[in-house]
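Subject: Structure for your files

Hello,

Please find below the structure I said I would pass on. My notes come after it.

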Amino acid sequence: MSTVKDALRRQHIETPSWAYGNSGTRFKVFAQQGVPRTPHEKIDDAAQVHRFTGVAPSVALHIPWDTVDDYAGLAAYAEDRGVHVGAINTNVFQDDDYMLGSVTNPDPKIRKKALNHLLECVDIMDATGSRDLKLWFSDGTNYPGQDDIRARQDRMAEALAAVYERLGDDQRFLLEYKLFEPAFYTTDLPDWGTSYAHCLKLGPKAQVVVDTGHHAPGTNIEFIVAFLLRERKLGGFDFNSRFYADDDLMVGAADPFQLFRIMHEVVRGGGYDPETNVAFMLDQCHNIEPKIQGQIRSVMNVQEATAKALLVDVEALKAAQDSGDVLGANAVFMDAYNTDVRPLLAELREEMGLHADPIAAYRASGYYEKVVAERKDGQAAGWGA
């Protein structure tokens with residue numbers, strides 16, 4: 001049990017700055033009280049998640065949503081609050097110019113604009129000390145014949161190569177993919193195989209990030225994780241949960257068993273070994289639930305799935321697998337999943353000097369009431385700002 005606790009103590013789960021602002025669906029954004037107005041206040045809120053969980057020491061930024069004049073100063077601000085700046089997320093999907101794509105747009109001037117933004121984000125990485133550049137492209141087409149599918153792949157490869165060349169020795173980019181939306185006929189990076197192929201061609205500083213909400217229904221995500229770990233191309237996760245498409249709900253909400261299966265493959269494949277450098281990040285936009293509490297709950301859900309994965313009796317599992325004992329192997333697997341790990345995690349938190357119940361501790365802290373009073377004036381941050 002001490003080995004399990006040691007692994008859980010080392011766990012780091014990054015939270016996203018955009019999760020702390022007002023967000024919603026394409027139909028409605030429900031404003032909440034006390035949401036941050038600036039990137040600095042987003043960091044303040046992220047620091048609360050780390051304060052009560054002990055395993056969320058970094059916060060991802062999204063550019064230009066988190067644009068500031070002094071990025072080194074923002075990084076220092078984060079350090080003063082006990083966290084640090086994590087991944088830098090690019091945005092080449094909101095400008096009107098990107099209606100027909102960004103780096104795959106048929107217009108070379110727009111492709112250049114998009115590439116300049118990506119390179120600017122590497123400059124921001126230099127200033128903040130960030131290791132990871134997150135790349136997601138909404139590029140694609142809506143109609144057959146709209147554009148040349150192969151040419152768009154050539155344009156994508158050219159842009160990725162330019163970004164790769166700009167990266168420092170200790171930096172990397174994580175290439176995301178998404179099945180559909182907003183492109184509904186072809187998406188230029190629709191699946192892990194396409195992302196993997198581009199990364200494989202470029203080299204070790206290009207890796208794949210798996211967003212758990214970006215797959216077709218029924219996709220075996222744990223297989224993807226196992227394969228990418230085996231090839232040393234799994235750069236990280238964007239953890240969320242979905243019922244229909246890319247719902248960006250709290251991780252583990254729709255299918256906690258799937259999250260456990262994923263974390264089992266992470267443990268099995270050495271994803272927690274320092275040399276693999278797998279980044280565990282949340283990517284969620286809370287529509288109706290309180291922002292900070294939603295992040296705390298998501299962190300706790302990942303912790304629970306990880307704890308169960310660490311409790312799998314690997315020797316008994318291998319023995320059953322090697323002997324062809326199908327039901328025995330499944331029973332070993334299910335025994336771990338059906339274990340109630342909440343007492344273990346509560347005990348671990350107390351050993352770390354934390355409250356056993358992070359949600360209860362946050363609610364009792366008075367932080368929410370404090371920021372509601374302090375943040376009455378000004379423009380609240382929201383999706384896209």
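What follows is a short account of the whole chain and then of one residue at its start.

Please keep in mind that this is a predicted model.

Overall fold. The protein chain contains 14 helices and 10 strands. A compact globule of 385 residues would have a radius of gyration near 21 Å, and the protein chain has 21 Å, so the two agree. Among contacts in the protein chain with a separation of 6 or more, 77% join residues 24 or more positions apart.

Of the 385 residues in the protein chain, 54% are buried.

Methionine 1. This residue sits in the segment before α1, the helix that covers 2–9. Methionine 1 counts as exposed because its relative accessibility is 59%, and the cut-off for exposed is over 50%. Beyond its neighbours within four places in sequence, methionine 1 is in contact with Leu311 and Leu344. Alanine 183 is 182 residues from methionine 1 along the chain, and the C-alpha atoms of the two are separated by 48 Å.

Regards

Definitions and conventions
Residues are numbered from 1 along each chain as its sequence is written. This is a predicted model: local features need pLDDT of at least 70, side-chain atom pairs count only at pLDDT 80 or more; totals for chains, interfaces and linings use all residues. Side-chain values use heavy atoms; hydrogens and water are left out. Helices (H or I, at least four residues) and strands (E, at least two) are DSSP runs, numbered from the N terminus. The radius of gyration is taken over C-alpha atoms; the globule rule is 2.2 Å times the number of residues to the power 0.38. Buried means under 20% relative accessible area, exposed over 50%, partly exposed in between (1.4 Å probe, protein chains only). Contact means heavy atoms within 4.5 Å.
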